[in-house]
Amino acid sequence: MRMTLDHRALHKLSHQAGGTFYLFDENRFVENYSRLREQLRQHHANTQVAYALKANYMPRICELINELSGMAEVVSRFEFDVARRHLPTAQLIFNGPIKREDDLRTALRGGSAVNIDSFREIALLEQLAGEFDEIVIGLRVNFASLPASRFGFQVESGELESALNRLKRTPNLKVTGLHCHVSDRARGVTAHTERIRLLSELALQLAPQYTIETLNVGGGLLGAMPAQLKSQFPFEVPSIDEYADAIGSAFKRYAPCSTMQLIVEPGISMVADTQCLVAEVIEIRERNGIYQALIDTSINSTNPTHSNSQPMLYAVTANTQDASSPHTYRLVGHTCMEHDVICEAFTGRLDIGDYIVFENRGAYSLNYTPPFITPAPAVLNRQGYMLKRADDCASVLVSYCSRHVESPSVDISYPADSLAPEPSIHV
C-alpha cells in the first residue's frame with residue numbers, strides 16, 4: 001500500500017538519513033502479523049506464526065515480534081544470533097541446511113525448536129546425545145507429489161524411514177514434529193492445504209510409534225500489494241484472510257489430533273508492504289531524444305532478486321504547480337554499470353531534487369543489497385527514528401584484517417626454497 005508523503009517530509013528524512021533511505025511502517029508489520037495469527041486461531045487455537053527472518057532480519061522487527069509474544073524462524077547461525085538478541089531462544093525455530101555441532105547444542109539448550117535437515121545433522125545429534133537428558137526435534141520432509149526439493153528427507157524413496165531407523169539408536173532422542181516447506185511459484189492457497197494433507201497423513205502413518213505434536217507447513221504466503229503488482233502474477237493473489245481461512249480449515253479437516261500444534265512461517269506477507277525505498281533525483285539529461293533521470297539508488301537495491309516484475313514506484317515532486325505536459329524518463333541508477341537501469345519508461349514531470357518512492361520493498365531488499373560501489377542505505381520509521389544507519393566504509397570494512405595486526409593462529413608460511421621454481425629440463 002502507498003505511503004503518501006510530501007516532498008518537504010521526504011527532504012527532511014533524507015537529510016537525516018544522509019541520502020537514500022528505507023521507510024519502515026511498524027504499525028503495518030504489527031497489523032500483518034496479528035491479523036494472520038488471529039485469523040488462523042479462529043480455526044485452530046493452538047497455532048503459532050513464526051516470522052521468517054530471512055525476508056528482513058532488521059532488529060526492530062525482532063523487537064516487535066517479542067512484544068507480540070510471537071515466534072521467528074531462522075535458517076542459519078547468523079540469523080539465530082540476530083534473533084536471540086531480541087527474542088528468547090524458546091521462541092525460535094531453527095531450520096536450514098547447515099547446522100554445525102555448536103549451533104545444535106546452543107539451540108537445543110536454549111529450548112529452540114530444531115528441524116533436522118540431513119543425515120549429517122543426525123550424526124551430530126548422535127555425538128551430542130550424551131550432553132542432554134532428552135533431545136526433542138522435528139524433521140523436514142518432502143513429498144514426491146510436491147515440487148522437487150533438495151532439502152529434508154524424501155518420504156516415498158525410503159529416505160525418511162532410514163533417518164527414523166537411525167534416530168531410534170539414540171534412546172534419549174524424540175521426534176515430535178514434521179516440517180515441510182517447498183518453494184512453489186504458484187503461491188495460491190492450494191499449495192499450503194496440500195502440505196497440510198500430506199503431513200497429516202504422514203503423522204497418522206508414524207503413529208503410534210511416534211507421537212507427532214507439531215505440523216509446520218513453512219511459508220510462501222504472498223502479502224498485500226498494489227493492484228498493478230497483483231496483475232503481474234499468473235494467478236489470483238490471495239489475501240492474508242484467504243490464506244488463513246484455507247490453512248486453518250484444512251488443518252481442522254486433516255489434522256489427526258485436535259491438540260496438535262500448527263505452525264506457519266510467513267516472510268514476504270509480513271514485511272513486503274511495510275517498507276518503501278526513497279531515492280532522490282540527482283540529474284536529468286537528454287540523450288538521443290530520451291530523457292534520462294539519474295536516481296540515487298541502484299538496481300541492486302530496487303531489484304536485488306532479479307525479479308521479472310515491474311517496480312512499483314511513484315514520484316514526489318517539489319513543484320506542484322507545473323502544469324506542463326509530462327515526459328517519459330529512463331530511470332537509471334548510481335552505479336557505473338550500463339545495466340543499472342531501474343525503469344525503462346517512467347511517465348511524469350521530474351526535476352532535480354524530486355524523490356522516487358519504490359513501494360513494497362520490505363522483503364528481500366535490504367538483506368540482499370550488496371556493498372557494491374555504494375552499500376545499503378539507512379532505515380527510518382514513520383516517526384523519524386533511525387532504525388539502521390547507512391552502511392559506510394567503517395561498517396563495511398570492520399571485518400577485514402590489516403596485515404600484521406594480529407598474529408595468525410595457524411602458520412601457513414612456506415620455506416623460501418619451497419617457493420623457488422623447479423629447474424627446467426631441456427632436451
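1. Strand 2 (residues 47-52) pairs with strand 10 in the parallel sense, over three bridges. This is a predicted model. Within this pairing, V49 stands opposite V264 of strand 10.

2. Strand 10 has another partner to look at. Strand 9 (residues 214-216) runs parallel to strand 10, and three bridges join them. Here T214 stands opposite Q261.

3. Are the faces of strand 10 covered or open? Both are covered. Strand 10 spans residues 261-264. Q261 and I263 are buried on one side, L262 and V264 on the other. In a regular strand, side chains alternate between the two faces of the sheet.

4. The largest nonpolar core has 99 residues. Which of them touch the most other members? They are F29, Y51 and L331.

5. Y51 deserves a look of its own. Leaving aside residues up to four places away in sequence, Y51 touches F29, Y33, N56, I61, I65, M71, A72, E73, P266, G267, M270 and V271.

6. Now the surface. M337, F372 and I373 form a nonpolar patch there. Together they have about 250 Å² of accessible area. M337 sits in the loop between strand 14 (327-332) and strand 15 (341-348).

7. Why is M337 classed as partly exposed? Its relative accessible area is 34%.

Key: Residues numbered from 1 in each chain as written. Predicted model: local features only at pLDDT ≥ 70, side-chain atom pairs only at ≥ 80, totals over all residues. Heavy atoms only, no water. Buried < 20%, exposed > 50% of the residue type's maximum accessible area, 1.4 Å probe, protein only. Helix = DSSP H or I, 4+ residues; strand = E, 2+ residues; numbered from the N terminus. Pairing = 2+ DSSP bridges. Core = buried A, V, L, I, M, F, W, Y, C linked by side-chain atoms within 4.5 Å. Contact = heavy atoms within 4.5 Å. Patch = residues over 30% accessible without salt bridge, like charges linked within 9 Å, V, L, I, M, F, W, Y side chains within 5 Å. Areas by Shrake-Rupley, 256 points an atom, 1.4 Å probe, with all protein chains shown as cover. Salt bridge = Lys/Arg side-chain N within 4 Å of Asp/Glu carboxyl O.
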